Amino acid sequence: MPNAYQLSIDYLVKEAQEASRLGIPAVILFGLPKKKDARGSEAYAPTGIIQQAVKAVKDRLPELVVITDVCLCEYTSHGHCGVVKEGRVLNDPTLELLAREAVSHAKAGADLVAPSDMMDGRVKAIRAALDQEGFEMTPILSYAAKYASAFYGPFREAAGSSPPIGDRKSYQMDPPNVREALREVALDIEEGADIVMVKPALSYLDVIHRIRNAFNVPVAAYQVSGEYAMIKAAARLKWLDEDRVVIETLTSIKRAGADLILTYFAKDAARLLQS
């Protein structure tokens, strides 16, 4: 994608510094390990890429909020978000690994952990593990309503996380279903989620709005890679005014009820707002 790169840790720190100078209050980190295996062991390794990255950013920018993605898909050889056995993604065995990953991020200095796997019960498992390890004050930003969307394509290509066998429809949400989103959010809040997120954003503004009206917790929305790439591609062909569309789409997400927005346009939007 234009202006989107895989970064080594030294370049990540420079990127974080620039974001901080622009007034962006937080970053979210996704890791690409040197090696992948069936259980995604690099996700919870003490010296894993995210664990190293968190320490590096917090050492240089202690005031910047660092959020970490908690999932196995970037680290597994099969590309799924959990443990796979005989072609099936196993929910309960995955929870232990996700909890270990979240704790390892907290130990490295992460300010928030953000489980994006959509396994049932993972917020409860992560909350219990964090509390047991003395991280009672580490909040959980849960991908509570994550849809099985076609808009994730560019990210999955960059991360090499598209499953060669099967898909994620068995554990991510069906796009036409909004009532399930409300149930998922309610369950995650009951299990200890501090912030709930809708992903993607633009095709699910109604879901954001329904969740905002139904629950008294902060609501986040993720403007994902496909949404970013779509706007960039149209702007490159001079079919639309990129700057205006960036602000208009982000405004629509805010208007729908999002308290926080995760977007690949963060730096662009910050510059536009400043000007």
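Modeller: A helix axis here is a line fitted to C-alpha atoms over the stretch in contact, and the angle between two axes runs from 0 to 180 degrees between N-to-C directions. The model is predicted. In it, helix α9 (residues 242-256) packs against helix α10 (residues 266-274) at an angle of about 100°, and the two axes are 10 Å apart. Angles of 65 to 115 degrees count as roughly perpendicular, so α9 is roughly perpendicular to α10. On the α9 side the contact involves Glu242, Asp243, Val246, Ile247 and Leu250; these meet Asp268, Ala269, Leu272 and Leu273 of α10. Sorted by class, the contact has 6 nonpolar and 3 charged residues, and no polar ones.

For context, the protein chain has 10 helices and 9 strands. Its C-alpha trace spans about 50 × 45 × 40 Å along the principal axes. A compact globule of 275 residues would have a radius of gyration near 19 Å, and the 18 Å of the protein chain agrees with that. Buried residues make up 51% of the 275 residues. Of the contacts with a separation of 6 or more, 76% join residues 24 or more positions apart.

Another helix, α3 (residues 91-108), has 18 residues that should span 26 Å at 1.5 Å a residue; its end C-alpha atoms are 26 Å apart, which agrees. Its buried residues include Leu95, Leu98, Ala102 and Val103. Among the elements covering the buried residues of α3 are α2 (49-60), β2 (65-70) and α4 (122-132). After α3 comes Gly109, with a positive phi near 120°.

Terms used
Residues numbered from 1 in each chain as written. Predicted model: local features only at pLDDT ≥ 70, side-chain atom pairs only at ≥ 80, totals over all residues. Heavy atoms only, no water. Helix = DSSP H or I, 4+ residues; strand = E, 2+ residues; numbered from the N terminus. Expected span 1.5 Å × (residues − 1). Buried < 20%, exposed > 50% of the residue type's maximum accessible area, 1.4 Å probe, protein only. Contact = heavy atoms within 4.5 Å. Parallel < 35°, antiparallel > 145°, perpendicular 65-115°, else oblique. Nonpolar A, V, L, I, M, F, W, Y, C, P; charged D, E, K, R; others polar. Rg over C-alpha atoms; globule rule 2.2 N^0.38 Å.
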